Amino acid sequence: KDFFLGEAAKAANTTNETLRHYDRIGLVKPSKINEWTGYRYYTKQDIVRLNTVRALQQMDLPLQ
C-alpha cells in the first residue's frame, strides 16, 4: 500500500510541510510522484525511514 503525503506525515508523527522539506533537501524522497496531480506517495519503507529520521532528530542530530 502506498501512503499519501498526509497519511505518511501522520504515520511519522510530523507535518506535511516537514515531509515536503525533507523532499526538497533530498533527505526522504517519496517513492512516487503523480505527474498529473503532483501528489507524493510513500511506501512502508519510506515511513520507516521517516521514523528513523525523526528519532535521530530527537537525539539532536542535524538533518545534514
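Helices here are DSSP runs (H or I, at least four residues), numbered from the N terminus.

This is a predicted model: local features need pLDDT of at least 70, side-chain atom pairs count only at pLDDT 80 or more, and totals for chains, interfaces and linings use all residues. Residues are numbered from 1 along each chain as its sequence is written, and side-chain values use heavy atoms, without hydrogens and water.

Glu17 and Arg20 form a salt bridge, with their closest N and O atoms 3.6 Å apart. A salt bridge is a side-chain nitrogen of Lys or Arg within 4 Å of a carboxyl oxygen of Asp or Glu. The whole structure has six. Another joins Asp23 to Lys29, at 3.1 Å between the closest N and O atoms. Shared partners link Glu17, Arg20 and Arg24 into one network. Asp23 is buried, at 7% relative accessibility, while Lys29 is partly exposed at 48%. Buried means under 20% relative accessible area, exposed over 50%, and partly exposed in between (1.4 Å probe, protein chains only).

Now look inside. In soluble globular proteins, nonpolar side chains tend to be buried together. The largest nonpolar core here has 13 residues. Such a core is a set of buried Ala, Val, Leu, Ile, Met, Phe, Trp, Tyr and Cys residues joined through side-chain atoms within 4.5 Å. Helices H1 (5-11), H2 (16-25) and H3 (44-58) each supply at least two of its residues. Tyr22 is among those with the most contacts inside the core.

Finally, turn to Met59, in the segment after H3. Met59 is exposed, with a relative accessible area of 56%.
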